[in-house]
Every structure is written in C-alpha cells, then in structure tokens.
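Thanks, everyone. I have one structure to walk through today. Have the sequence and the model open as we go.

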There are 2 protein chains.
Amino acid sequence: MARKASLSGFPEWLPQERLVELHVLDTLRRTFELHGFSSIETRAVETIGQLLRKGEIDKEVYGLHRLQAEDDPGAPDQDKLALHFDLTVPFARYVVENAGYLAFPFRRYQIQKVWRGERPQEGRAREFTQADIDVVGDGELPFRYDVELALVMAEALSALPIPDFRIRVYNRKLAEGFYRGIGLTDTAGVLRSIDKLEKIGPEKVAALLQEELGATDEQAQAALKLASIRTEDTSFVEQVRALGVQHELLETGLAELEEVIGEAHRRAPGKVMADLSIARGLDYYTGTVYETVLVGHEQLGSICSGGRYDALATKGNRTFPGVGLSIGVTRLVMRILGQELVSASRQVPTAVLVTLANDESWSEAQDVAAALRSRGISAEVAAKAEKFGKQ
Amino acid sequence: MARKASLSGFPEWLPQERLVELHVLDTLRRTFELHGFSSIETRAVETIGQLLRKGEIDKEVYGLHRLQAEDDPGAPDQDKLALHFDLTVPFARYVVENAGYLAFPFRRYQIQKVWRGERPQEGRAREFTQADIDVVGDGELPFRYDVELALVMAEALSALPIPDFRIRVYNRKLAEGFYRGIGLTDTAGVLRSIDKLEKIGPEKVAALLQEELGATDEQAQAALKLASIRTEDTSFVEQVRALGVQHELLETGLAELEEVIGEAHRRAPGKVMADLSIARGLDYYTGTVYETVLVGHEQLGSICSGGRYDALATKGNRTFPGVGLSIGVTRLVMRILGQELVSASRQVPTAVLVTLANDESWSEAQDVAAALRSRGISAEVAAKAEKFGKQ
C-alpha cells in the first residue's frame, strides 16, 4: 500500500502484493474444499428487479448501460442490469434457478468481486473481493450447520497470516425473546439503539430507549444488562437467566447459542465467543448471527459476518433456509499489506533463471528450464547473453 | 450445457461444471507460474477515455452509472467508468502506472472476466473469462520472447482436456514486405480482402484486390499464392522465396517467423505451424501474430490469439514493447462441456461423508472428519442421524 490507487476505491496490487492475496485465496479455498463446499461463480450482473427483491437497497449500486446501443425502449427498469453488491442475492437466485440440479443440503463457496459505489475510505473499497460459504437446505436445514459454519470459519481464518481474531456469535431469537419478555415489542427499534452503544455509551442509549420507544427505566436497564454479556464459554446462559426474564423464544435462542458456543469452545478454544451486544444484522437474520474482529484492529470493523436465514430463497411454496458467512478478503489483504504483517519471500514466481553463456545456447537453456519445470520448479531463460549481472 | 443461461450471454455453471472450469484455470495458472509469469489483476473498470485511447472501440462496451447518485455533473464523459472488454488495455495502463515498481522484462499472467455487449451466439458470451500472458520490455524486448510465448502456450494448451490444437503463426513484417515488394502499399486493404478467402474463395478475392485496390492480375495472384502457404516446419521460407519477391521488410519477417517455427517444430512438434493466410490481427500487431484452432472444431474460431506490439504502452518518451497471447477460457469450457469432452469424477469436493449412528455422536464424527482433512481428504459430517441411505 505504498501506492495510491489511480482510481479511488479500486485498489490494484503489485505482483508481490498479489502473491499475498493469492495465498489468502488459496488458503480459504483449500479449507472450504476440505469441508466439502463446492465452488460456484455467478455472473457479475443481476437485474435491478432481482437486486431490489428484498425491498430498498441500502447499498450504492452501479447500473450498466451499453455505450453503443440504445437499450430496448420497451424494457422495464427492473429488467435493466446492475453489478451485484454482495454474493448472497446472486446465490439465492442461483439456488432457485438450479434447484432441480443441486443436492440439498447444498454447501457452496463463492469467491468473487463485488461493487458498491460508496465513498471510499480506510477498509472500504468500491470494488472488492468477498469469500462466502453457505449451506442451504430444501424446506429444512438442521441447526447443526449453524455450529459447523462457525467451526469452518474459525479453521479458515486460523490458517491465514492475520492477527488473532474473535468470531462473535449472537442469536436473533434470544434478543427478540428477551425484549418481548420485558415488554418491548419493537425489536428492530431496540436494536437500532443498542447498535449505538459503542459510540454514545449506555446512558445515552437508555435515554434513547425511553424517549423513542417509550421504554421504562427498568426495561432500558434490562436491555443494557443483556447487551453487556460476553463470554467465551456457555456461562452466558446463567448470566441471562439471572436477569429473570421468561419467554419461549428466549429459551429457544439460549439453547441454540449454547450449542454453537459449547461446541466451538471445545473445538476452537478462544476463537469464538458469545457476544450479546451485537445489533447489526439481527434485523434481517432470523437466528444465529456472526461477526468477526481482528484483535487489536477492532476499529477495522467486521472482517467476516453472516447468519441464518429461515428463507434465503423461495420458489413457489418451496422454502430454502440457509446459514452463511462472508469474508471481506480485500479488507483483510489491505490490512495485511498496510501493516506489513507478512510479505512474499520473492517478488516473482521464478525460482531459477537459466543464464546464457552465448546467444546460441538459448535452446539448450530451454532444455534445462524444462527439466526444472518437470520437477515443479519455476524457471525462466534469459533472452540474451548479456553480462551475468544483467541477466 | 443442459441448461440455458437465465440471462442470455451470461453463462453460469453447475457445481460439477465449475469443477471442469477450475481444472482448466488451475492448469493454466500452474504452467504460467512454472514459466515465471507473475499473477496480476486489474480493476474491472477503466475510464472511457482509457478504453478509447487507441481510437474507436469496435467492441460493445458497458458503461457504468450509480443508481442512487447523480454523477458529478462536471465530470467529462471520458472520465466516466466502463467495464473492460479485454485485458490488454488495462494491462498497458497498469504497466505505465507501476513502471517504477516493476522489473523489466515483466512477465505477467492475468485471468479475469471481461464484458462485451455483443449479440450472444455459439462460443460468444457477454461475460467471459480470459487468460492472458504477456512479456513487456522497457524500451526494447528481445525477439526470443516471441518464440518463448508460442512454446509456453503450446505447453499450457497441451495440459488441458481439449482436442488437438494448432497454433498458427504469421508475421506482419513478412506480409507487409511482400505486398510492398509486389507494389501494393495499402497493406490493411490487402489484408481485409485476404481475410475473406475462406468465405468467398480465391477468385472473388482476386477480383476484390483488382477492383478495390487497383491491383493487377499478377499482383493479385502473387498475394493469393502467399496466402496459400502453410507448413509445420521452416520450409515456408523456400516457398516464399520461390515467389521471387524482394523487400527488406520481407527478409526481416521471414527470419523472425523462421525462428519461431524452427524452435517450435523442435520443441512442440505438430502443435505450431506457419500459416500465411492469417489476416486478422495483422493490422494492429507489428510483428508476430498468433491464432489457435482446435482440430475438428475450426468453426469455433480462434481459442487463443495474440501477437507482438512495438508499443504496447508509452509513457513520455519511454516505450514499452510487448508480446502476448490470450486464451478464451469460457469459449473453451463451453466447448468442453457442450461436447462432453471431459466431466468431473464427482459432483462435489467431498470424498468422505461421516455418518451418524445417533444424534449425540456429531462431535465425535467431527473428530473423524478433522483427522481426514488433516491428511488432505475432503470430508463432511451428516447433520442428523437419519437412515444411512438418506445421510
């Protein structure tokens, strides 16, 4: 990151930087494939209708138009094309279109560029690479996949040349059940306030809850107490129970989160934790929610987020529930390069340069290089018999 | 290719088809890296000014606009963004921008999607993947790289699960020198006529040369004789000499083509041939020109083309000559899948499914799967203890 991108928000790497990115991508791919995830790619474009399917787009979308052709004047706006802004919307479409050809539960990974026309800033580009894994079921999807995804991601991130990380897990049912149990029904409203906790502090959040949602002081304090719970093991269950709130949905959420954290604490100790202060994402996911921070780089934001959807996609009366996680590869690579956490041991793949004693020996030198390559050693031949130093 | 793309011109693969594409991409990457080519990627977008730099665009370009923001009204059209239609224009820009950080001759490979809004048809998509290799020099670039690129590409294509192929090589200097030697100076005009040889036959081409370029019958016959020469070894040199034409540029071109074909005949017998009927590309390349057909699939068109540029890019008074080749990966994969030339041996990466005797054994089953993965074996665990058949 010595250089500035020539087009703001569209980073490009030098060859030695690209080697670092390739190492990250190869490592992720290998882990995902070892866990049985299939690779797919979707086209870079979706119809605007598809992108708007879930209602308003809060992302800045790049629309497409052909420079040398008038668009079909009869084509409605929703059939026009735009670049995808994530890999979830395209994946949901892909599942519906190809449901007859896929074996469910379908496990896929997808590593592609996405585009968002947002104002570029540290850790946020307009073109960036995401690496997603999802498992999607036909009609039902056992909860165990929520556990498995946290484990796969902990393994994948552990294999990367990055600082220590924490996957923070929460559960929408737990939050909603708790809020309902204390008599607050506008879950989304409560979450919007809780989301400001880090920025404005607990007192101002309590005031917000009372002013905007009509919460009592007791309700506000209960919501704040819930949001203060963070544990690396399943002791969060006792801490929540100690708050004395009763609700069926709360019990379901507690049991689900306990299953994730219990297994993760055993298999990936210190990597995964229950964090009941997470608010972002809880409004659209329907159960488990994940986000991930690099320890010591928390201000970078989440480098890997996701969760459970009861209906990732629907087709007629068929429903496809899913659970998935998405790594912000470009954000990670920018941080690795910017802080010089690792660097490539050489700038180019070539390990051996076969030099020429004279110009006529080029063909023989090619024989030598071919023998090296047949043993997996990257080799190139000098083009001219210059001084050895120059070659 | 049992399915039709849901958006015409934007093919998407099923997981088992994607495995074939991944195999092709991995094989190309491995060959390129063994030959010392560095990986780079460039952003998907260029400014329209950059795309128009070489004059008119004959490709249909997709322009970009942000759906939720007015473009800066002061931004001139040439600063607006569009999707790249090849990887050569972006690479030339990358070389100029990063010249201070690159070691020349710079060898790079680049495997990315490109977009062209052309009417989709067999073998031609609107979104497709190209795999390019180029060597670019600072000021000068020894001719031997023209030889080397043909050898690298012959090796890369030989490693793919595709039918036999022929890399056809020609040389702009040879053609131009010959035409000048017989008194025809409008090289581009002659090439436009020769390009129609396969479609309309030699008699009509001769008529075209006489009517449109004012050639004599003798000149037209000489041009046609040149275009009839195709040899797998260097015997084309004698055949050209036998036509009795003298020109300095012709001699240079003959020597260059002889060097490529001579070395290729030795190192990749039967894969590379001199073909003096090639016309496409000769008008913008400045020396060697390559194109490649699959034997028995000639109507598919060239699956790998390229050539030498005296000035791939310029920066002030610095010139960067280059020679490169570009594989149409999507076109190849469409053909492989469409003709069922190969197929993946299994549909998913998973080699072992660890089943559950009862629901409580999931965590133990994860231990078994982890042991398999640590030995490089892709494994997944059933989510529920159903009947074994169902698992």
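At the start of H5(B), a side-chain oxygen of Asn171(B) comes to within 2.8 Å of the backbone nitrogen of Lys173(B). Helices here are DSSP runs of H or I with at least four residues, strands are runs of E with at least two, and both are numbered from the N terminus. After H5(B) comes Gly183(B), with a positive phi near 95 degrees.

Two words on ground rules. This is a predicted model: local features need pLDDT of at least 70, side-chain atom pairs count only at pLDDT 80 or more, and totals for chains, interfaces and linings use all residues. Residues are numbered from 1 along each chain as its sequence is written, chains are lettered from A and ligands numbered from 1 in the order in which they are written, and side-chain values use heavy atoms, with hydrogens and water left out.

Back to H5(B). Is this helix enclosed or open? Eight of its ten residues, 172–181, are buried, so the helix is largely enclosed by the rest of the structure. Buried means under 20% relative accessible area, exposed means over 50%, and partly exposed is in between, with a 1.4 Å probe and protein chains only. The buried set includes Arg172(B), Lys173(B) and Glu176(B), along with Leu174(B) and Phe178(B). What do they pack against? Strand S7 (165–171) and helices H6 (187–194), H8 (217–227), H9 (236–241) and H10 (248–267), in chain B. Packing here rests on contact, meaning heavy atoms within 4.5 Å.

Next, S7(B). Seven bridges join S7(B) to strand S10 (residues 288–294) of chain B, and the two run antiparallel. One bridge pair is Val169(B) with Tyr290(B). Strands count as paired if DSSP finds at least two bridges between them. Both strands sit in an open sheet of nine, ordered S1-S5-S6-S12-S11-S10-S7-S9-S8 in chain B, with mixed pairing. At the edges stand S1 (38–39) and S8 (230–231) of chain B, each with a single partner strand, so one side of each has no neighbour in the sheet.

Now chain A. Its open sheet has nine strands in the order S1-S5-S6-S12-S11-S10-S7-S9-S8, again with mixed pairing. S8(A) pairs antiparallel with strand S9 (residues 272–275) of chain A over two bridges. Arg230(A) has Asp275(A) as its bridge partner in S9(A). In helix H8 (residues 217–227) of chain A, the buried residues include Gln219(A), Leu224(A) and Leu226(A). The buried residues of H8(A) pack against S7 (165–171), H5 (172–181), H6 (187–194), H7 (197–213) and H9 (236–241) of chain A.

Last, the interface. 85 residues of chain A contact 85 residues of chain B. The chains bury about 7,600 Å² between them, 51% of it on carbon and sulfur atoms. Buried area is the accessible area (1.4 Å probe) that two parts lose on being put together, summed over both.

How many salt bridges cross between the chains? There are 18. The criterion is a side-chain nitrogen of Lys or Arg within 4 Å of a carboxyl oxygen of Asp or Glu. One of them joins Glu41(B) to Lys113(A), with the closest N and O atoms 2.7 Å apart. Helix H1 (residues 15–34) of chain A gives the largest share of the side that touches chain B, eight residues.

S3 (residues 62–66) of chain A and S3 (residues 62–66) of chain B run antiparallel, joined by five bridges. There, Gly63(A) has His65(B) as its bridge partner.

How values were computed. Polar contact = N/O pair within 3.5 Å; in protein donor to acceptor, adjacent residues only side chain to side chain.
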